[in-house]
Amino acid sequence: MKIDKKKEQNQYRINEQIRCKEVRIVGDDGAMVVSTREALQMARSREEDLVMISPNAEPPVCRIIDYSKFLYQQKKKAKEMKQKQVKVEVKEIRFGPQTDEHDYNFKLKHAKEFLEEGNKVRAYVFFRGRSILFKEQGEVLLLRFANDLEEYGKVEQMPKLEGKKMFLFIAPKKSGVAKKSQQKLDRERREAEAKKSSQPADAETPANGGLAANAKGAEALANLKFEE
């Protein structure tokens, strides 16, 4: 048979290019060791090709198949494997040292989506001018952020100050973990809403925003567990 591409011709030994004394023929019916001459006769009788697929085996392993079909199958497998490979990107989340609760939750939601998609998250607090005096507050915010994402990702780097930015790196967990966690979070949210609706209308509610929001992370510091 005629092969158009020279690269494909040299990729595998076929037919008369196979010069060893005997080969192991593998197929749907199993495997058997025969002389190379007998294997070539079997291939010709089927109007197919003898293709060496494992030259380093003892004896070398071959298949009797149409070579064009064999190359197509190999390309198809390679394409499927490439599609399954996840391209990991690093997504950035930026905070200010006095980020309010609404902005925090908005960015937390996006971070969860990034991690669920298999991407890494690089969160950082940018200190503008004299706001560098609040670097401890920025660290608390980032630790709270990591704590809120512990079911979606694992911390690769603890908060670290570099110039005017304090960085935190989070990598995604294995696929399926975040999905289960989301179901758990949705259930907890529904339970919290039901509990809230059953409370008196004048029940005391915690203040939101600014320093009060970031201070919530201070309590999480003692209990925060990072995965190595």
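The chat below walks through a predicted model of one protein.

Student: Before we start, what should I know about how this model is treated?
Tutor: Because this is a predicted model, local features need pLDDT of at least 70 and side-chain atom pairs count only at pLDDT 80 or more, while totals for chains, interfaces and linings use all residues. Residues are numbered from 1 along each chain as its sequence is written, and side-chain values use heavy atoms, with hydrogens and water left out.

Student: Okay, how many helices and strands does the protein have?
Tutor: The protein has 7 helices and 8 strands, where helices (H or I, at least four residues) and strands (E, at least two) are DSSP runs numbered from the N terminus.

Student: In what order do the 4 strands of the open sheet come?
Tutor: The order is E2-E1-E4-E3, with mixed pairing; two strands pair if DSSP finds at least two bridges between them. Strand E2 (30-35) and strand E3 (49-54) are the edge strands, each pairing on one side only. From one strand to the next, the twist averages 40°, with axes being lines fitted to C-alpha atoms, for helices over the stretch in contact, and angles running from 0 to 180 degrees between N-to-C directions.

Student: And which strands does helix H2 touch?
Tutor: Helix H2 (residues 36-45) packs on the sheet and touches E1, E2, E3 and E4, and its direction makes about 120° with that of E2; contact here means heavy atoms within 4.5 Å.

Student: Back to the strands: how do E1 and E4 run, parallel or antiparallel?
Tutor: Strand E1 (residues 22-27) and strand E4 (residues 61-65) run parallel and are joined by 2 bridges. Isoleucine 25 has cysteine 62 in E4 as its bridge partner.

Student: New topic: where is glutamate 16, and which residues is glutamate 16 in contact with?
Tutor: Glutamate 16 sits in the loop between helix H1 (6-11) and E1. Leaving aside neighbours within four places in sequence, glutamate 16 is in contact with Leu40 and Arg44.

Student: What joins the side chains of glutamate 16 and arginine 44?
Tutor: A polar contact of 2.8 Å joins the two side chains. A polar contact is a pair of N or O atoms within 3.5 Å; within protein, one must be able to donate a hydrogen and the other to accept it, and residues adjacent in sequence count only if both atoms are side-chain atoms.

Student: Last one: what does the side chain of threonine 99 reach?
Tutor: The side chain of threonine 99 reaches the backbone oxygen of glycine 96 at 2.7 Å. Threonine 99 is found in the loop between strand E5 (90-95) and helix H4 (101-116), and threonine 99 is buried, with a relative accessible area of 5%.

How values were computed:
Buried < 20%, exposed > 50% of the residue type's maximum accessible area, 1.4 Å probe, protein only.
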